[in-house]
Amino acid sequence: MLSISDFIVPKWKHSKPQVRLKAVQAMDKNSADLLAKIGKIDTDSRVRLAAVEKITDMELLNDIFLTDPEDVVRQSVEKRLNPMVRDMIADTPDAAARGRILDRLDNQETLMWIAGEINNPDIRLEILDRIDKPRHLCVIAQSNWGMKAGMTVVEKLSDPGHLEQVARKGSNKKIRKLAETRRQAILAELHPPSADEIRTQELEALCHKMENLIQSEPSDGWDAQAAELELSWEALDPKKDHELRWRFDAAGEAIERESIRLKKERTVRAECEHLCASIEKMLAPFDDDADRFRQLQEDRRQIDPTCVPEAVYRTFAARFGDAVDAYKHTRDRVLKDRELHQNHIERLRDCCVRIEQLAEADAPEVAGSSARPDQRPNQQPDQLIQSCQKDWQEAWFESPETAPIKQRFDRAVKTIEQKQAAHKTAVEQKSRELHERLIMLCESVEEAQAAINPFDAEADVKAAQQEWKKNSPLLPEVGKELSPRFQDACNLYFEKLSEFRTNRDWERWANLNQKKALCEVAEKLAEEDPLSTTAGTAKKIRDIQARWKEIGPVSRNQSDEIWNRFRKACDRVLIPCMELKTALYNEIRELADSENWQETTLKIKAVQNLWKEIGPLPRAMEKDLQRSFQETCDRFFTRQRSFYEQLDEERRENLKQKRRLCDEAEALSESADFKSTLSRIKELQASWKEIGPIPRSKSDALWKRFRSACDRFFNHLDEERLTNLRKKELLCKQVETLVESMPDNTEDTVDAEDTVNPDSEDKEKISKIRRRIIDLQKEWKTIGPVPKESDTAIWDRFRKPCDAFFDRFEDHFAAVQNQLSQNQTLKEELLAEALQLSESTEWKSTRTRLIELQAEWKQIGPAPRKSNQKLWNDFRAACDTFFNRSKRFYEDMDQQRTSNLKQKSDICLHMELLAKVVLDKSGIQYDPNVPMAEQLNIALDYKDEIFVAGDSRATREKASRKVQYLQERWKAIGPVPKKDDKDIWERYRRASKICSGF
């Protein structure tokens, strides 16, 4: 029931909680005092919670937290307070001010949450000072708060059980160890040992230290450490009669013996290394110091082999023996080389002088031959050169002293070779050319025999005879071989020339009479009309011309006259034929580009028949015209053939497309989704019209098939439209009934959030009517089309009552629009900040801020519909831009670290293989992740690069420089993935330790 005061007081004082709740939800966040008052005095927890959600003042929230009676409200306030306190503490640089804030927080769970959210060791320690519950302290020790926080927790805990929990589950090894130590200390305080037990424990610890010392790697500090332990023992056991004394003394004696042995071994090792290095140094370069060599051998005999391990001594003995043998061998070789050196120098100089003398001789003499091709060469110079070269090869050796002699010798030899080659080439070329010329003279005379007119070759034959007499004696053997051939050819030629002179006059007289007869025939044909009998006349002229070519020549003084007579008679026949063919070609050219295929085809074939009737003309006369005529005809028929082929292809393709349209129309003909199907059917019909013709034999059947499928659908559609009309008429009746039932007083019936404000029963009823009308409008949209003749009328009937109802709520919609505009402003501000942050590179802080912006966005109500979705899309795109960039940044970092891991693994592999090659460390395993062939290739490359035969010291120096290079590369490479950091570092450390033995 409503009271009278409800119409007077503000809505946040309304008697109904739901009204007060909506009033608080509609309040501005700036009304902090009013919201705080409501949060304290309102009797409904939901209203207080709504007020708390809008309060931003930390003092007010804290006051509500301390005074509110219900846990749900206090928990909500605590969730709001915790982030505020966290931010305030994080933003307060002054420790004293920060301490005052922390003193006001008496909830240790809240303190732990704030410390977990702030990654600052100093602040965490300040918070830790205010936490004293063991349960919370154990949780902190198990969390990763840092070493100082863990140590503070251990110091604050005093219960052995809690310390045992930290010792088992502490966040790191040091904290666990510290907790265990403190637990033991506390237990010791609870149960303290006796003085004798403490003394025995301390003495036993000294024994352990002494025994551990002997088991460690021998070093120079052993004696000092043992002496220090001895003093500690004397302080605890001055009489040295404790039962553990024997154990301590035994370890001390072992250390003393090992120290003495170690010193001797180091001394002998140094002496061995010095002797080996000294004698190896005498080898490169060779030092011929016999006294020093003998002294080193004597020092070698003084070495005591028992002071070093047997393997070390064997290595030294083998190395020293190899060096001694190498020195002796080198000394013998050097003495022999010195003796041979001078002898070879003298022989090389003698050879050089002799070869230079030969090089300075004239060309024919050096070449060992004469200038004429038929003379035999003189062999004496060649024998001298060969003898000199043989002596040079026997005496030659490499040295700085022989280099200039060799240059002189090589220049002289090169000069001789050049002279010999030039002379030989000239003689061979001259003989070859002369031989070829004699053969050509024979061939030229033989060709003259076959000449049709021997008179034309008479001068050439006589010139060949003169040249033969001059050149054949230069090559006697060739001339003797070819002379019969040449003489026979000359004799036959002169015989044929004599016979030809006799017969030539008779033939020319007969030829003249035949050509006169052909002229008379051609002149008779020229008197006829060539255009009336083109085919026969042209063919006869061609036959006469062919017969003319078969007749031989006539006398020179009558040749031009008879030819001019014949040519004029032929031209009188052929020129009109040529003019007619030219006219036919011009007609074809006009028809060739036509696309009237059937009519043009008939015309072209008629022209071709006429062309054939004219017949062929002389080739020289119609060569280009014939080719052009044929190409023009071919061009037209090629275009015609392509057109019909393309037309057939298009019709086949159109047939495929129309069949696909039929298939789809048949599939849609029974569809119940009339709206989308109607649109698609119309698209199919439009596509059918756009597609060109198909083969005529299939056109009618395919059209009937497509039309039948479309008709089936439209028949179904007409039935559906009648059904839809009945449905929409029913909706019209419902909305008309609702509007008629609406009360008269409808002002202020709906609040700004589109929810009913239940101030009266009328408003409740109107709100229900509004929701029902909206549902009916949505249902109207789901109903398909109606018959066209009823479409406008049924829509007007439905729209009028709807418009009448909503016109009465314009004031309400204005208020809603105002709220939507405010929401749009708030969202635009968040969008602007998100866009500014989208390009930030402060990955962690920006990510936190964007998450906060997203939370604020969700709390803001909707904006106007036309811009709400766009604002959200832009806001989400700005956030996605940053998060995608952040993802790529960390992916690139991971990729770079993976690449660094690969490079460091390669360095470790190279160091391991280098150690395996140089030190022969058989215990070093091959990397199973790298192909064995690749590892073997690397090892072989190192062996070729590092090893110096017979010089292990130089080999180790090269290996050490290589290791230094690899270590410098390691330092230059950046970090690797955390999960692989420890393993790769341990592998590198082991490899470096092994390589340190170089």
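This is a predicted model: local features need pLDDT of at least 70, side-chain atom pairs count only at pLDDT 80 or more; totals for chains, interfaces and linings use all residues.
Figure 1. Residues are numbered from 1 along each chain as its sequence is written, and side-chain values use heavy atoms, with hydrogens and water left out. Of the 998 residues in the chain, 36% are buried; buried means under 20% relative accessible area, exposed over 50%, and partly exposed in between, with a 1.4 Å probe and protein chains only. Among contacts in the chain with a separation of 6 or more, 71% join residues 24 or more positions apart, a contact being heavy atoms within 4.5 Å.

**Figure 2. Packing of helix H1 against helix H3.** Helix H1 (residues 17-26) and helix H3 (residues 45-54) have axes 9 Å apart and pack at an angle of about 5 degrees. Axes are lines fitted to C-alpha atoms, for helices over the stretch in contact, and angles run from 0 to 180 degrees between N-to-C directions. H1 is therefore roughly parallel to H3, since angles under 35 degrees count as roughly parallel, over 145 as roughly antiparallel, 65 to 115 as roughly perpendicular and the rest as oblique. On the H1 side, the contact is made by Pro-17, Arg-20, Leu-21, Val-24 and Gln-25, and on the H3 side by Arg-46, Val-47, Ala-50, Ala-51 and Lys-54. The residues of this contact of H1 with H3 comprise six nonpolar, one polar and three charged. In this grouping Ala, Val, Leu, Ile, Met, Phe, Trp, Tyr, Cys and Pro count as nonpolar, Asp, Glu, Lys and Arg as charged, and the others, Gly among them, as polar.

Figure 3. Ser-31 lies in the loop between H1 and helix H2 (32-41). With 29% relative accessibility, Ser-31 counts as partly exposed. The C-alpha atoms of Ser-31 and Ile-55 are 8.4 Å apart, although the two residues are 24 residues apart in sequence.

**Figure 4. The largest nonpolar core and Val-166.** A nonpolar core is a set of buried Ala, Val, Leu, Ile, Met, Phe, Trp, Tyr and Cys residues joined through side-chain atoms within 4.5 Å. The largest one has 47 residues, of which Ile-127 and Val-166 touch the most other members. Helix H5 (residues 71-91) gives the most to this core, with five residues. A second, separate core of 34 residues includes Ala-522, Ile-562, Ile-604 and Cys-633. Apart from neighbours within four places in sequence, Val-166 is in contact with Cys-138, Ala-141, Val-154, Leu-157, Ile-175, Arg-176 and Ala-179.

Figure 5. Gln-142 belongs to helix H9 (residues 134-142) and is partly exposed, with a relative accessible area of 31%. From Gln-142 to Val-166, 24 residues apart in sequence, the C-alpha to C-alpha distance is 6.8 Å. Residues up to four places away in sequence not counted, Gln-142 touches Gln-165, Lys-169 and Ser-171. Pro-160 lies in helix H11 (residues 160-169). A distance of 7.0 Å separates the C-alpha atoms of Pro-160 and Ile-186, which are 26 residues apart along the chain. Leaving aside neighbours within four places in sequence, Pro-160 is in contact with Arg-183, Ile-186 and Leu-187.

Figure 6. Without residues up to four places away in sequence, Asn-823 touches Ile-860, Gly-861, Pro-862 and Ala-863.

**Figure 7. Cysteines without disulfides.** The structure holds zero disulfides, a disulfide being a pair of cysteine sulfur atoms within 2.5 Å. Cys-908 is in no disulfide, and the nearest cysteine sulfur, that of Cys-995, is 10.0 Å away. Cys-908 is buried at a relative accessible area of 0%, and Cys-879 is buried at 1%.

Terms used. Helices (H or I, at least four residues) and strands (E, at least two) are DSSP runs, numbered from the N terminus.
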